[in-house]
Amino acid sequence: MNSVGEACTELKREYDQCFNRWFAEKFLKGDRSGDPCTDSFRKYQRCVQKAIRDKDIPIDGVDFMGPSKDKPES
Amino acid sequence: MVKYFCCAGLLKSSWDQVCVAFWQRYPNPYSNHVLTEDIIFREVTPTNCLISRRLLTKTSRAPHWMERYLPKQMSSSAYIIEDSIVDPEKKTMTTLTWNISHARLMSVEERCEYRINPENGSWTEIKREAWISSTVYGLTRAIQEFGLARFKTSVTKTMKGFEYVLAKMQGETPSRTLAETATERARETALAAKEKAKDLASHAQKKQYV
């Protein structure tokens with residue numbers, strides 16, 4: 001899958017590979033022995049956050065799980 | 001005024017496998033409208049939950065009658081954010097997905113909860129809720145109907161996409177016929193919805209001239 005930053009796709013792939021392995025083999029099994037992906041994540045984030053700024057994608061200003069406030073039913 | 005929708009889904013795979021598949025579901029044969037996918041935030045909380053934010057860009061497929069209400073400069077891609085919390089101890093995953101572009105035209109928020117199926121511990125149930133709203137004067141109902149119909153179609157695609165990815169992960173060859181049937185059904189639903197929404201839109205327009 002491509003990244004929104006064309007130059008970041010390779011960094012994304014590297015990070016995804018690391019994450020998927022850690023997620024299935026450590027995280028889900030309750031192993032808290034630390035995250036082997038911090039390096040690849042940092043490189044990927046540096047690239048993708050710049051691409052988001054360059055493309056003016058409006059990601060700021062929403063809290064995590066933000067919209068989940070009053071839920072009117074209709 | 002908001003249109004609310006709720007449904008339940010079932011995946012015949014374990015909660016663990018579903019969570020693993022959740023991060024690997026793109027691309028799949030049902031996700032051609034998803035152009036890019038990026039994790040833009042991720043952390044393990046002090047209580048050992050994984051929280052993530054994912055940014056997706058999707059093709060913006062507004063029907064012809066809606067297009068005239070879009071400003072000319074509006075991008076042809078839609079941006080969507082998906083926040084998620086995975087709790088590996090409680091075996092629950094909660095996701096919240098909403099569009100950050102085109103929101104005044106139509107806003108769709110979806111909240112899902114993935115849990116172990118209480119009747120079968122090796123299956124996963126998904127509770128899905130959506131809130132669809134629009135603030136375009138005179139067309140709110142038509143747009144909400146369109147949004148709801150398209151949402152239902154996309155739920156079918158989402159589930160088929162999940163099943164496809166899970167089958168691949170488990171070493172099975174996913175059935176091509178399943179894919180074709182789902183596409184056909186999705187097309188029919190979309191067509192019916194298009195007709196209904198067009199109808200509502202033309203009623204709304206007629207009212208304006210009376």
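Helix α1 of chain B (residues 15–22) is mostly covered, with 6 of its 8 residues buried, where buried denotes a relative accessible area under 20%, exposed one over 50% and partly exposed a value in between, computed with a 1.4 Å probe on protein chains only. The buried residues of α1(B) are W15(B), V18(B), C19(B), V20(B), A21(B) and F22(B). Helices (H or I, at least four residues) and strands (E, at least two) are DSSP runs numbered from the N terminus. The model is a predicted one, in which local features need pLDDT of at least 70 and side-chain atom pairs count only at pLDDT 80 or more, whereas totals for chains, interfaces and linings use all residues. Residues are numbered from 1 along each chain as its sequence is written, chains are lettered from A and ligands numbered from 1 in the order in which they are written, and side-chain values use heavy atoms, with hydrogens and water left out.

Chain B contains 4 helices and 7 strands, which follow one another along the sequence as β-α-β-β-α-β-β-β-β-α-α. Of the 210 residues of this chain, 54% count as buried. Where contact is taken as heavy atoms within 4.5 Å, 61% of the contacts in chain B between residues at least 6 apart in sequence join residues at least 24 apart.

The largest nonpolar core has 64 residues, and those that touch the most other members are F23(A), L55(B), W65(B), V86(B) and Y114(B); such a core is a set of buried Ala, Val, Leu, Ile, Met, Phe, Trp, Tyr and Cys residues joined through side-chain atoms within 4.5 Å. Helix α3 of chain B (residues 140–169) provides the largest share of this core, 10 residues. Apart from residues up to four places away in sequence, V86(B) touches F23(A), F27(A) and L28(A) of chain A as well as W15(B), C19(B), W23(B), C49(B), L50(B), T92(B) and M93(B) of chain B. A second, separate core of 6 residues includes M1(A), Y26(B), V34(B) and L56(B).

Between the two chains, 46 residues of chain B are in contact with 34 residues of chain A. About 3400 Å² is buried between them, 65% of it on carbon and sulfur atoms, buried area being the accessible area (1.4 Å probe) that two parts lose on being put together, summed over both. On the side of chain B, D38(B), I40(B) and R42(B) lose the most area to chain A, together 14% of what that side buries. In chain A, V62(A) lies in the segment after α2 (38–54) and counts as partly exposed because its relative accessibility is 28%. Leaving aside neighbours within four places in sequence, V62(A) is in contact with P67(A), R53(B) and W98(B).

A search of the whole structure finds 1 cavity of 30 Å³ or more. On a 1 Å grid over the protein atoms alone, a cavity is a set of points where a 1.4 Å probe fits but cannot get out, and a pocket is an open set with protein on both sides within 12 Å along at least five of seven lines, lining residues having an atom within 4 Å of a point. The largest cavity has a volume of about 770 Å³, a volume being the space filled by probe spheres set on grid points that are joined across faces, edges and corners. Its lining comprises 40 residues, of which K58(B), R61(B), I80(B), R150(B) and S154(B) lie nearest the centre. The largest share of this lining, 9 residues, comes from α3(B), and the lining as a whole divides into 18 nonpolar, 14 polar and 8 charged residues. In this division, Ala, Val, Leu, Ile, Met, Phe, Trp, Tyr, Cys and Pro count as nonpolar, Asp, Glu, Lys and Arg as charged, and the others, Gly among them, as polar.

The second largest pocket has a volume of about 390 Å³. Of its 21 lining residues, N20(A), W23(B), Q24(B), Y26(B) and P27(B) are the closest to the centre, and α1(A) contributes the largest share of the lining, 6 residues. The peptide bond from Y26(B) to P27(B) is cis, with omega near -5°, and P27(B) is placed in the loop between α1 and β2 of chain B.
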